[in-house]
Amino acid sequence: MRKPTKLVVAFAATLVTVGIASAAWAYWQASGTGTATATAATAKVLRIDAVGSLPGRLYPGGSTDLRITVTNENPYPIQVDLVQPNGAITADKPGCVNHGVTLAERADVGWELAANDDDVLVLAGAVSMPANAPNACQGATFTIPVRLFGGSNA
């Protein structure tokens with residue numbers, strides 16, 4: 001049997017080198033660039049269904065909790081960070097004017113509202129009535145407008 005000559009070895013080495021270079025060239029030819037798109041969802045506004053204090057708990061010189069029923073119609077959770085008054089507090093009794101009922105000016109909270117769910121949020125002691133509230137306010141129901149601020153944690 002004949003031994004390979006230097007020429008055969010050189011030829012084989014050239015083939016191996018070309019094969020490796022071709023593999024590298026093929027790899028780079030197989031890669032590429034492109035673009036992708038994604039569409040952001042539209043956030044739905046939180047719906048505040050009911051705002052009020054616990055029945056019969058507000059009296060002259062006292063304070064009570066504020067309950068806020070909120071509906072999150074978004075498919076992701078929302079975090080409420082801040083609750084603020086949003087207008088004048090009114091009473092349902094005609095003689096209950098100048099009642100002096102107030103809501104805490106600002107409440108920093110960290111409430112998590114589940115996706116597609118209703119939650120009752122409570123601000124402890126946030127509503128107060130002055131000691132000199134009119135007698136005509138006995139049994140009155142007060143409407144307390146609020147604004148909620150927050151964002152998505154999704």
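User: How many helices and strands does the protein have?
Analyst: This is a predicted model. From the N terminus on, its elements run α-β-β-β-β-β-β-β-β-β. The count is one helix and nine strands.

User: What share of the residues in the protein is buried?
Analyst: Buried here means under 20% relative accessible area. The protein has 154 residues, and the buried share of them is 24%.

User: What is the accessible surface of the protein, and what part of it belongs to carbon and sulfur atoms?
Analyst: The accessible surface comes to about 10,600 Å². The part that belongs to carbon and sulfur atoms is 57%.

User: How many salt bridges does a search of the whole structure find?
Analyst: Side chains of opposite charge can pair when their charged atoms come close. R47 and E73 meet in a salt bridge. D108 forms a salt bridge with R106. For the whole structure, the search finds two.

User: What is the N to O distance between R47 and E73, and how many residues apart in sequence are the parts they tie together?
Analyst: The side chains meet at 2.4 Å, N to O. R47 lies in strand β1, residues 47–53, while E73 lies in the loop between β2 and β3, so the pair ties together parts whose separation in sequence is 26 residues.

User: Is D108 buried or exposed?
Analyst: D108 pairs with R106, their closest N and O atoms being 3.1 Å apart. The relative accessible area of D108 is 57%. The cut-off for exposed is over 50%, so D108 counts as exposed.

User: Which residue has a side chain joined to that of T71 by a polar contact?
Analyst: T71 lies in strand β2. At 6% relative accessibility, T71 counts as buried. A polar contact of 2.6 Å joins its side chain to that of D118.

User: Where does N74 lie, and what is its relative accessible area?
Analyst: N74 sits in the loop between β2 and β3. Beyond four places away in sequence, N74 touches T42, A43, K44, A115 and N116. A polar contact of 3.0 Å joins its side chain to that of N72. N74 is buried, with a relative accessible area of 1%.

User: Is L58 buried or exposed?
Analyst: L58 lies in the loop between β1 and β2. Leaving aside residues up to four places away in sequence, L58 touches several others, including V101, V127, M129 and F142. Its relative accessible area is 17%. The cut-off for buried is under 20%, so L58 counts as buried.

User: Which strand gives the most to the lining of the second largest pocket?
Analyst: Rolling a probe the size of a water molecule over the atoms shows where empty space is left. The second largest pocket has a volume of about 220 Å³. Its lining has 15 residues, and K44, V45, L46, I78 and L148 lie nearest its centre. β3 and β9 each supply at least two residues, and the most, six residues, come from β9.

User: What is the phi of N98?
Analyst: Most residues other than glycine have a negative phi. N98 lies in the loop between β4 and β5 and counts as exposed at 75% relative accessibility. N98 is not a glycine, yet its phi is positive, at about 50 degrees.

User: Where does N116 lie?
Analyst: N116 also has a positive phi, near 50 degrees, in a residue other than glycine. N116 is exposed, with a relative accessible area of 54%. Its place is in the loop between β6 and β7.

Conventions
Residues numbered from 1 in each chain as written. Predicted model: local features only at pLDDT ≥ 70, side-chain atom pairs only at ≥ 80, totals over all residues. Heavy atoms only, no water. Salt bridge = Lys/Arg side-chain N within 4 Å of Asp/Glu carboxyl O. Helix = DSSP H or I, 4+ residues; strand = E, 2+ residues; numbered from the N terminus. Buried < 20%, exposed > 50% of the residue type's maximum accessible area, 1.4 Å probe, protein only. Polar contact = N/O pair within 3.5 Å; in protein donor to acceptor, adjacent residues only side chain to side chain. Areas by Shrake-Rupley, 256 points an atom, 1.4 Å probe, with all protein chains shown as cover. Contact = heavy atoms within 4.5 Å. 1 Å grid on protein atoms, 1.4 Å probe; cavity = no way out; pocket = protein on both sides within 12 Å on 5 of 7 lines; lining within 4 Å. Points joined across faces, edges and corners; volume = space filled by probe spheres on them.
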